[in-house]
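Visitor: I am new to this structure and would like to learn how to read it. Could we take one feature at a time?

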Amino acid sequence: MVEKVRVRATLNGEPVDFLVAPYVSLLDTLRDELGLTGTKEGCNDGNCGACTVNLDGRVVDSCCVLGAEIDGSTVETIEGMAEPGQLHPLQQSFLEEAALQCGICTPGFLMSAKALLDKEPHPSEERIRFWLAGNLCRCTGYDKIVKAVQKVAK
Amino acid sequence: MHPFKYVRATSVDEAIAALAKHGERARPLAGGTDALIMARAGRWELDALVDIKHIPETNILELGSSEFRLGAAVPCYRVYEDEQISAVFPGLVDSASIIGGIQIQSRAGLGGNLCNASPSGDGICSLIVHNTTCVIAGPGGTREVAVEDFCTGPGRSVIGDGEFLVEMKMPTPQKGFGAAYQRFTPRNEMDIAVAGVASSVQLDGDTIVSARVALSAVGPTPILSSAGDQLAGKEATAENISAAAQTASGDASPITDMRGTAEQRTHLVGVLARRTLERAVERARENN
């Protein structure tokens, strides 16, 4: 039996203090231990980006991070993207541009797109497409997603 | 998945002790983009993952006048977002900017790419053509291994039980040095090389003083081709570059698998060797 480890971190601006088994991914930690199910599991092996979260200012695949690794770190998930009851401009744009169908990839795309626009407010279409290459969508064909991001980037 | 412990090491000695304690049932953890997948898939049965990215030595990123030190846990983005380093090492940037997508590059580094020892690792050939030396720490002390001798088979390396890669050192490029890496993939990004080639040249005027050409995804390990030696002392002409590219193609020993046939890969190596040598020469001339 492997003992759980204590983790103290900042999650969506709030301090969190919890126990987690050391072999559990950050993705499963968020969903199963902390009840934040907005972050989705797609491939669970670092290919699809559905589980994208922001860890210490960089977007990462949370399936490729251990929950135990975030001790002392700052994590932002889709739940922290906008104030309660409000939408972030990217979320609004995704709705208006119909940039989703099944929605499983959407939180990951939003987290990645937000990280890009926070860093570079006016990226080119090519830059958007390359930046979002680590996020897969099997519904939209990507054009609507890119357009939704471009609309906010203008 | 076998339940494993997580050990956050904050010094080289602490990491060695934790790794040595569990022998082959422990592995170092840096970016985790390979290690966690291998553990989860049951390919590795582990008792412990030893996090080495909180050790100062594995985070070093230091460009000196004669030597560049690249810590084993430095993620790809720190290489290409550093203006000074990316200007001096465009050949390393070629690799660091195509390993996975942006999420992977936030965590994965050239050190982990090397330790994963995949024949198709996009970073390994670039490290080879930059004459990299690997600094490995273990219970018996620290040893240095030339990067072309690091990989011993698919997923296998010279790293023994209790050891881990601490940093990589390479000569700081001087006037007349240029390097480049290119791969062939069906997609533009987020893909694994069907074949890849890195080349570097050291020019003196139009003469190639020395050159290195390394091949990925065309053998059980990345291959240091004899094409570089063939160019030493020759003029950087299209004919000499084409002849060296032919040699590189001959040094490939690919297999046929789902990514491509042996014949296609052999052909690709010739094309990519020519293109990367041309690019390396171009960069060497810009760096004069």
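Guide: Let us start with buried area, which is the accessible area that two parts lose on being put together, summed over both. The model here is a predicted one.

Visitor: Why begin with an area?

Guide: The size of an interface is often given as the accessible area lost when the parts come together, so an area is a plain place to begin.

Visitor: What area is buried between chain B and chain A?

Guide: About 2400 Å² is buried between chain B and chain A, and carbon and sulfur atoms give 59% of that area. On the side of chain B, the residues that lose the most area to chain A are Tyr6(B), Ile102(B) and Gln103(B); together they make up 26% of what that side buries.

Visitor: How many residues of each chain are in contact?

Guide: Chain B brings 29 residues into contact with 30 residues of chain A.

Visitor: How many salt bridges are there between the two chains?

Guide: The count between chain B and chain A is 4. In one salt bridge, the side chain of Glu81(B) meets that of Arg58(A), at 3.2 Å from N to O.

Visitor: Which elements of chain B supply at least two residues each to the side that touches chain A?

Guide: They are strand S1 (5–8), helix H2 (35–40), strand S3 (48–51) and helix H6 (102–105). Sorted by class, that side of chain B has 13 nonpolar, 7 polar and 9 charged residues.

Visitor: Helix H2 of chain B holds Ala39(B). Is Ala39(B) buried or exposed?

Guide: The cut-off for buried is under 20% relative accessible area. Ala39(B) has 2% relative accessibility, so Ala39(B) counts as buried. Leaving out residues up to four places away in sequence, Ala39(B) touches Met1(B), Phe4(B), Trp44(B) and Leu46(B). Pro3(B) is 36 residues from Ala39(B) along the chain, and their C-alpha atoms are separated by 9.3 Å.

Visitor: Which residues have the most contacts inside the largest nonpolar core?

Guide: They are Phe94(A) and Leu114(B), in a core of 63 residues. Helix H3 (residues 106–119) of chain A gives the most to this core, with 7 residues. Beyond four places in sequence, Phe94(A) touches several residues, among them Leu100(A), Phe109(A), Ile145(A) and Val149(A). A second, separate core has 27 residues, including Val197(B), Leu215(B), Ile241(B) and Ala245(B).

Methods:
Residues are numbered from 1 along each chain as its sequence is written. Chains are lettered from A and ligands numbered from 1 in the order in which they are written. This is a predicted model: local features need pLDDT of at least 70, side-chain atom pairs count only at pLDDT 80 or more; totals for chains, interfaces and linings use all residues. Side-chain values use heavy atoms; hydrogens and water are left out. A nonpolar core is a set of buried Ala, Val, Leu, Ile, Met, Phe, Trp, Tyr and Cys residues joined through side-chain atoms within 4.5 Å. Buried means under 20% relative accessible area, exposed over 50%, partly exposed in between (1.4 Å probe, protein chains only). Helices (H or I, at least four residues) and strands (E, at least two) are DSSP runs, numbered from the N terminus. Contact means heavy atoms within 4.5 Å. Buried area is the accessible area (1.4 Å probe) that two parts lose on being put together, summed over both. Ala, Val, Leu, Ile, Met, Phe, Trp, Tyr, Cys and Pro count as nonpolar, Asp, Glu, Lys and Arg as charged, and the others, Gly among them, as polar.
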